[in-house]
Amino acid sequence: MILLDRVSKTYSKGGKPSLDRISLHVDPNEFVILVGASGAGKTTLMRLLTREERQTSGKIIIGGIDFDKLKDKEIPLLRRKIGVVFQDFKLLPNKTIFENVSFALEMVGMSSHEIRNTVPKVLDIVNLKGKENSMPMELSGGERQRVAIARAIVRQPKILIADEPTGNLDPKHAWDVIKILEKINRYGTTVLLTTHNQEIVNRLKRRVVTIKDGKILSDRANASYKI
Amino acid sequence: MSGKRQLITLRRIVKNGLVNFIRNLSLAIAAVAIMVVTLTIVLFSVVINDTFNHTINQITSKIDVSVYLNDNVTKAQGEKLVSELKQLPAVASVSYLSKDQVLKNYLQQNASNKQLILAVQEAGNPLPATIIIKPANLNNLSQIKSFLSKPSVTALQSDPPSYSGQQKEAIDRITHATNLLQRIGFFAVIIFAVVSVLIIFNTIQMAIFNRRDEIHIMRLLGAGTGYIRGPFIVESITYGMLAALISILIINSAFQASSSTLQASSLGLLDIGYASHFFTSHFWFLLLMQLGLGIVIGAVSSMIATRRYLKFKTR
């Protein structure tokens, strides 16, 4: 589902690489946790996967899309296949919760009728039923992050990338968010989660890939947190 | 993407553009205002241009060459002269007025001057039979002149022909002045069009700046460039259409105001009656022209603005 082959990313010419020959293979329906201290290169990796950045060298193939052959105007098509949850939620502050989710469907040309059917179901999955008409400002951090998850999964992506989705949340809300990610994974979505929350990693008991200084330090199944 | 989805997307783009237009109204006012000025100048120029042309045509059609015949010229001689004149390429039309017709016209023209009429009647029709020649081209009278100055032809004439020569000079001056006005109008249109494009460009740029977070999020969620750009283009096309309608309204009410307040239907060279008639009879054409122009100005400026600031960039 996700294939990285000796991927490097250097921001400034001749500088220290943020990612150094990373190779990673993620199977469909896997749940992979990416751990590492700040600056280890987790976010750079996420940005490469959504093509916010271009790799300096190496090969990336996601869901059959070879990034070397991806033209700029095809980037939207790639991003529609991947659901992304951002650490800072990235919700639109002047739109309601319903609109924040529906707008991901509007841009792909789904009919208003379908949208009215789909959005409440997804809000139900993330336990936000009844909050359709609230504004993001009225919600707690955990609720906002769940809106962001709803928006990421509403198009039923094969892959969900969650970059520190619990970073701004207290432990209870963080765990709510993780439970939703597990639920989505059970429905058949490949999940790639970055976090540096030790407790979450230890409780999840999933495959853990540890990154340090732009390199993969370890890649273990059923693992616990260790840097 | 299927056709139905494309249609839904197009509808959304238009809807979002209109919503943005309303939300941006304070920003949009400057853009609409300058566009109104531009389009009003365009419309005014078109109407005035046609009116001037009409006026010049009217004046030039009144220019002719009058040939005065001796009283002893027979009707047959007169008709021969007419048919000879008709064969000259420089002649547009020829008409023959007998002594009686000339007198009748003269009496009609001076009906109010009783003394003059009495004097003419006492003299027993002193007026000559006249041939009136309409030249095909005012600037090319030499052929007619040389024909009329042949000895065989001058022998038939009582007086030298009258050429309305001074009128031609006046017409030349008018034509010169209107050409100048047309040129000034043309440059004014260009300057204001450029200024409108710049202002709309700025407005859209500002709108893009105001919505940069939203645009960034849309990008990350996989919105296509068209889906992001579309509403901005729709928004500025709306400026153009609104400005077109306002410019039509302005000119329309200007004509209405002038026709109701001005007793005379003409201001010097400017025949307001005709201009107003031209405006009403070409209303739909002018409306379409204004809308088309507004749409083009709006679309072009927003396309440049969005092209520059919404480019897809990956490092």
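The structure is a predicted model, in which local features need pLDDT of at least 70, side-chain atom pairs count only at pLDDT 80 or more, and totals for chains, interfaces and linings use all residues. Residues are numbered from 1 along each chain as its sequence is written, while chains are lettered from A and ligands numbered from 1 in the order in which they are written. Helices (H or I, at least four residues) and strands (E, at least two) are DSSP runs, numbered from the N terminus.

**Chain A: overall form**

- Chain A contains seven helices and ten strands.
- A compact globule of 227 residues would have a radius of gyration near 17 Å, and the 17 Å of chain A agrees with this. The radius is taken over C-alpha atoms, and the globule rule is 2.2 Å times the number of residues to the power 0.38.
- Along the principal axes, the C-alpha atoms of chain A fill a box of roughly 50 × 40 × 30 Å.
- Of the 227 residues in chain A, 42% are buried. A residue is buried if 20 or more other C-beta atoms lie within 10 Å of its own, exposed if 12 or fewer, and partly exposed in between, with C-beta atoms placed from the backbone.
- Among contacts in chain A with a separation of 6 or more, 68% join residues 24 or more positions apart. Two residues are in contact if their C-beta atoms, placed from the backbone, lie within 7 Å.

**Chain A: strands**

- Strands of a sheet pair through backbone hydrogen bonds, either parallel or antiparallel. Here two strands count as paired if DSSP finds at least two bridges between them.
- Chain A has an open sheet of four strands in the order 2-1-4-5, with antiparallel pairing. Strand 2 (19–26) and strand 5 (65–66) of chain A are at the edges with a single partner strand each, so one side of each is left without a neighbour in the sheet.
- Strand 1 (residues 2–9) of chain A is joined to strand 2 of chain A by five bridges in the antiparallel sense, and A:L3 stands opposite A:H25.
- Five bridges also pair strand 9 (residues 207–212) and strand 10 (residues 215–220) of chain A, which are antiparallel. A:T210 has A:S218 as its bridge partner.
- These two strands form a hairpin with two residues between them, and A:D213 in the turn has a positive phi of about 50 degrees.

**Chain B: domains, strands and a helix**

- Chain B is divided into domain 1 (3–59 + 170–309) and domain 2 (64–163), with bounds from an automatic or database domain assignment. The C-alpha centres of the two domains of chain B lie 54 Å apart.
- Strand 3 (residues 130–135) of chain B pairs antiparallel with strand 1 (residues 65–68) over four bridges, and B:S66 is partnered with B:I132.
- Strand 3 of chain B also pairs antiparallel with strand 2 (residues 91–97) over six bridges, where B:L97 stands opposite B:T130.
- Helix 12 (residues 283–309) of chain B has 27 residues and spans 39 Å from first C-alpha to last, close to the expected 39 Å. The expected span is 1.5 Å times one less than the number of residues.
- Buried residues of helix 12 of chain B include B:L286, B:L293, B:I297 and B:A305.

**Where the chains meet**

- In the contact between the chains, 19 residues of chain B meet 19 residues of chain A.
- Helix 1 (3–23), helix 9 (212–220) and helix 10 (225–261) of chain B each supply at least two residues of the chain B side. Helix 1 of chain B gives the largest share, five residues.
- The chain B side has nine nonpolar, six polar and four charged residues. Ala, Val, Leu, Ile, Met, Phe, Trp, Tyr, Cys and Pro count as nonpolar, Asp, Glu, Lys and Arg as charged, and the others, Gly among them, as polar.
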